[in-house]
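Here is a short note to read beside the model. Keep the structure open as you go through the points.

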Amino acid sequence: MTGGWQPTPFRQFILKIYSRCDLACDYCYMYEMADSSWRGRPLYMDDATIDAAAVRIGEHAARHGLRDIEVILHGGEPLLAGQDRIRSIVSRVRAAAGDKVRVKVTLQTNAVLLTDGFLRVLDELDVRIGVSLDGDQVMHDRSRKRANGRGSHGDVMAALTRLTEGYRHLFSGLLCTVDLRNDPVGAYQALLEFGPPAIDFLLPHGNWVVPPPSLYPASTATPYADWLIPIFDRWYGSPRRATYVRLFGEIIHLLLGGASRTEQIGISPVAMVVIETDGSIEQSDLLKSAYEGAPYTGLHVSRDSLDDVLKLPSIAARQIGVEALCATCLDCPVHTVCGAGLYAHRYKEENGFANPSIYCRDLFRFIHHIKDTVEADLAARSEGL
């Protein structure tokens with residue numbers, strides 16, 4: 001800061017409104033990986049915590065002159081909080097933000113509880129809905145099961161039908177976790193069935209201590225790039241790309257000189273913060289995949305402002321771009337596009353996050369495939385002019 005750098009204010013606020021889930025997905029970073037802090041959290045945000053969180057969000061927006069912010073209702077499974085509590089949270093945050101701030105609210109759900117009653121409430125509140133879906137029934141139910149082992153695909157299909165037939169204007173898109181056991185193009189086609197406006201493909205969480213499935217640090221194989229490339233080729237070659245695939249679009253945007261708008265890729269300052277059910281203010285909850293207490297800040301909405309969070313070195317490390325990258329990454333020709341990948345995927349016990357992503361080889365190959373494809377396309381178009 002003495003050299004002139006200033007932190008980027010938060011524009012995205014993730015509210016963990018319920019700390020448990022009605023599914024037991026085997027790849028879940030919340031309940032199946034390194035951090036177990038959820039065990040000590042209250043089930044839901046109580047009224048005092050909701051009010052304190054709303055005030056902190058409102059004062060942060062006012063202090064930085066923000067006119068648009070996003071609040072994401074998250075969990076666990078946020079629908080377990082119930083219709084009345086969700087209505088209360090959304091209403092109080094918007095009231096605290098005031099008339100001059102547009103508060104976009106989204107909810108990420110497994111959709112098992114997405115009934116007509118919930119849809120009516122979310123429509124009334126103008127809450128956009130993202131749904132987790134991993135493909136067809138066999139693909140989805142490999143991992144996204146209930147505690148008794150029963151799959152959730154049927155319930156999700158019914159919920160997506162209700163959402164897309166009666167409330168499509170609320171549909172923000174689908175989130176799909178990459179599973180190498182699933183056919184990539186088959187999974188993509190299953191997601192397109194409901195005409196989502198956007199798809200997020202998420203690499204399963206892992207790091208140099210606990211690598212993701214079928215990824216071996218000593219190997220030169222690139223199984224995740226191999227899985228994604230056929231989907232990219234299908235998407236890019238489609239005459240109408242009505243469904244935006246965020247990872248693909250972001251990489252193209254970065255290759256053309258733009259700035260990243262997701263923490264998955266690129267070096268843009270991270271501008272999101274998490275508020276837990278007990279009011280604790282934390283870094284990205286994806287860090288729970290790295291080690292016990294990784295997102296911890298020691299700050300709380302009852303006593304600390306969100307500007308206090310911006311002053312933490314751990315937050316600065318997510319906002320200073322290339323200065324936070326290790327020497328290996330800085331020597332890489334695509335480091336401004338890759339940005340060392342998702343922060344949580346860089347972790348090693350001996351030096352924390354000052355490393356390339358555990359997905360380094362996959363990202364390098366995938367980015368170069370997209371670069372070669374786009375360059376060839378642009379060259380062909382130029383010749384045709």
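The points below go from the sheet to its strands and then to the helices.

1. This is a predicted model, where local features need pLDDT of at least 70 and side-chain atom pairs pLDDT 80 or more, while totals for chains, interfaces and linings use all residues. Residues are numbered from 1 along each chain as its sequence is written, and side-chain values use heavy atoms, without hydrogens or water.

2. Ten strands form an open sheet with mixed pairing. The order is β7-β6-β5-β4-β3-β2-β1-β8-β9-β10. Strands are DSSP runs of E, at least two residues; helices are runs of H or I, at least four; both are numbered from the N terminus. Two strands pair if DSSP finds at least two bridges between them. The edge strands, β7 (244-245) and β10 (299-300), each pair on one side only.

3. Look at β1 (12-16). β1 runs parallel to β2 over five bridges and parallel to β8 over four. Phe13 has Val71 as its bridge partner in β2 and Val273 in β8.

4. β8 (residues 272-275) also joins β9 (residues 280-282), antiparallel, through two bridges. Val274 stands opposite Glu282 in β9.

5. Helices α2 (residues 83-97) and α3 (residues 116-125) have axes (lines fitted to C-alpha atoms over the stretch in contact, with angles from 0 to 180 degrees between N-to-C directions). These axes come within 10 Å and cross at roughly 10 degrees. The two helices are therefore roughly parallel (under 35 degrees).

Notes
Contact = heavy atoms within 4.5 Å. Parallel < 35°, antiparallel > 145°, perpendicular 65-115°, else oblique.
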